[in-house]
Amino acid sequence: MTRLEVHQFPTRSDNYGVLVHDPASGSTAAIDAPDADELLAALHEKGWKLSHILTTHHHQDHTAGNTAVKRATGCTIIGPAKEAHSIPGIDVKVSEGDTIEVGGAKARVIETPGHTRGHVSYHFPDNDLVFVGDTLFSVGCGRLLEGDAKTMWSSLQKLAALPPETNLYCGHEYTDANCRFALTVEPENDALRARAAEVAKLADRGEPALPTTVAQELDTNPFLRPSSPAIQKRLGMEGRPLQDIFGEIRRRKDRF
Ligand code: ZN
Ligand code: FE
């Protein structure tokens, strides 16, 4: 089994870049290419040669580096078939259930629409890794820019169903602000209060609160917890469909 090395680095104003490296084959994939110069610098620092970009969605802050990085490295760009027309330099178009390979490591493509219509996540089951772009954030979730609450709720359920020990990498560091909102929705959640305290300390020191895990998000992330009796009570939505409760939490966050 291939043991991947993972390198996460801050890029642009609040994005994360991530590199995954298979030491046996030398293959290296970048999850998205927010900024070409910063991505090439990270590769140089690690001494890794880029073989792939795995694009999660078409937004500029995830694809701005595609063309220059492909020119510099000759990498193959993999991305969602459903928004291939707006992903610069795309070579391989993927859909739900497709398998891609980075050296000896296999990733399964999970369609997670909602933030954008074609958004995909990449799950490396043998390495307990999932890269979710702007679908799920720690203690938060992506804005519904091209999808409705029903679509996003079904995407989030796919991620929630991954093994709890799965390490979850996100496109942005919004964790500290997300915790402040989450505490207005479920202030009685002890796991959330502990996470918020931890994240505040990390933010003070300028350290990342990511990656997280599926288990930690299930315990703390209000967007994965519309079944929580405390949340339902606070929103006055006891017994309502979970996608509607999710939608109400999302609306409140948009106004927060
Ligand atoms: Zn985005
Ligand atoms: Fe983004």
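Which residue stands opposite Glu 5 in strand 2? Here are a few notes on this predicted model, starting with that question and moving on to the metals and the pocket.

1. The residue facing Glu 5 is His 21 of strand 2. The two belong to an antiparallel pairing of strand 1 (residues 5-11) with strand 2 (residues 15-21), held over 7 bridges. The hairpin has 3 residues between these strands, and Arg 12 adopts a positive phi near 50 degrees there.

2. Now to the zinc ion (ligand 1). Its protein donors are His 57 through NE2, His 59 through ND1, His 115 through NE2 and Asp 134 through OD, at 2.2 to 2.3 Å. If you like to look for patterns in the sequence, the spacing of these donor residues reads H-x1-H-x55-H-x18-D. His 59 sits in the loop between strand 4 (52-54) and helix 2 (60-63), while His 115 sits in the loop between strand 8 (105-111) and strand 9 (120-124), so this pair ties together parts that are 56 residues apart in sequence. Both His 59 and His 115 are buried.

3. The iron ion (ligand 2) has its own set of donors: Asp 61 (OD), His 62 (NE2), Asp 134 (OD) and His 172 (NE2), lying at 2.1 to 2.3 Å. Along the chain, the iron donors follow the spacing D-H-x71-D-x37-H. Asp 134 comes from the loop between strand 10 (129-131) and strand 11 (136-137), and His 172 from the loop between strand 13 (167-169) and helix 5, so the pair ties together parts that are 38 residues apart in sequence. Asp 134 and His 172 are both buried.

4. You will have spotted Asp 134 in both donor lists. This residue bridges the zinc ion (ligand 1) and the iron ion (ligand 2), which are 3.1 Å apart.

5. A word on geometry. The zinc site is irregular, with angles of 84 to 174 degrees among its 4 donor atoms. The iron site is irregular too, its 4 donor atoms making angles of 84 to 173 degrees. Please keep in mind that water is not among the atoms, so sites may look incomplete.

6. Finally, the largest pocket, which holds about 240 Å³ of space. Its lining has 14 residues, and those nearest the centre are Phe 137, Cys 141, Gly 142, Arg 143 and Tyr 174. Helix 5 (175-185) and helix 9 (242-255) are the elements giving two or more residues to this lining.

Notes: Residues numbered from 1 in each chain as written. Chains lettered and ligands numbered in written order. Predicted model: local features only at pLDDT ≥ 70, side-chain atom pairs only at ≥ 80, totals over all residues. Heavy atoms only, no water. Donors = N, O, S within 2.8 Å, 3.2 Å for Na, K, Ca; no water. Tetrahedral: all angles 85-135°; square planar, octahedral: opposite > 155°, others 65-115°. Helix = DSSP H or I, 4+ residues; strand = E, 2+ residues; numbered from the N terminus. Buried < 20%, exposed > 50% of the residue type's maximum accessible area, 1.4 Å probe, protein only. Pairing = 2+ DSSP bridges. 1 Å grid on protein atoms, 1.4 Å probe; cavity = no way out; pocket = protein on both sides within 12 Å on 5 of 7 lines; lining within 4 Å. Points joined across faces, edges and corners; volume = space filled by probe spheres on them.
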